[in-house]
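Biologist: I am new to this structure and would like a close look at a single part of it. Please pick one and walk me through how it is put together.

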Amino acid sequence: MIKICSRCRATWAGGARCDDCGGALVDPFADEAQEFPEEVWRYIRLQYGARRGMLVRVIAFLLGPVVAFVLLREAVLLRAGAPRLLASLGAIAAGVAVWAVLYYLAGQAVRVWVLRRGRLRKAKLARALLRRALR
Ligand SMILES: [Zn+2]
């Protein structure tokens, strides 16, 4: 959980007091902390986005071998020789492919998640400015 110093706005991984200035650390999602500048929010999104990406990569790391093993178990039941060998190689390739695709998508998801929030905010700002201009 990310906490922010209410005095110097340093970000910390947790705790109650800022190690730099001794200010009280607040939860950025608590009501009293909604006034932080955009850079602070961008940093928080980046942190949580990176963490999400890491979790997906851990899942990929676990799921790849599972897929390979399940397919390999079917492959070894095939007739000995070329069919078994090819199916076994295919099973391993499928496991590697699952890992690679999830690993790649995790990186993309972090980028999309972090950037999309900024764009949404910009669109909202543009609408607000337009509404004010039309009034
Ligand atoms: Zn501080």
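**The sheet in its setting**

Modeller: Happy to! Starting at the N terminus, the elements of the protein follow the order β-β-β-α-α, which amounts to three strands and two helices. Here helices (H or I, at least four residues) and strands (E, at least two) are DSSP runs, numbered from the N terminus. Residue numbers start from 1 along each chain as its sequence is written. This is a predicted model, so local features need pLDDT of at least 70 and side-chain atom pairs count only at pLDDT 80 or more, while totals for chains, interfaces and linings use all residues.

Two strands count as paired if DSSP finds at least two bridges between them. Strand 1 (residues 3-5) is joined to strand 2 by two bridges, in the antiparallel sense. Within strand 2, Trp12 is the bridge partner of Lys3. In general, such pairing in a sheet works through backbone hydrogen bonds.

How confident is the predictor about the protein? The mean pLDDT (confidence in each residue, from 0 to 100) is 82, and 87% of residues reach 70 or more. Confidence is highest in helix 1 (residues 38-75), at a mean of 87, and lowest in helix 2 (residues 82-134), at 80.

Finally, of the 135 residues in the protein, 9% are buried, meaning that 20 or more other C-beta atoms, placed from the backbone, lie within 10 Å of a residue's own.

Key:
Buried ≥ 20, exposed ≤ 12 C-beta atoms within 10 Å, placed from the backbone. pLDDT = per-residue confidence, 0-100.
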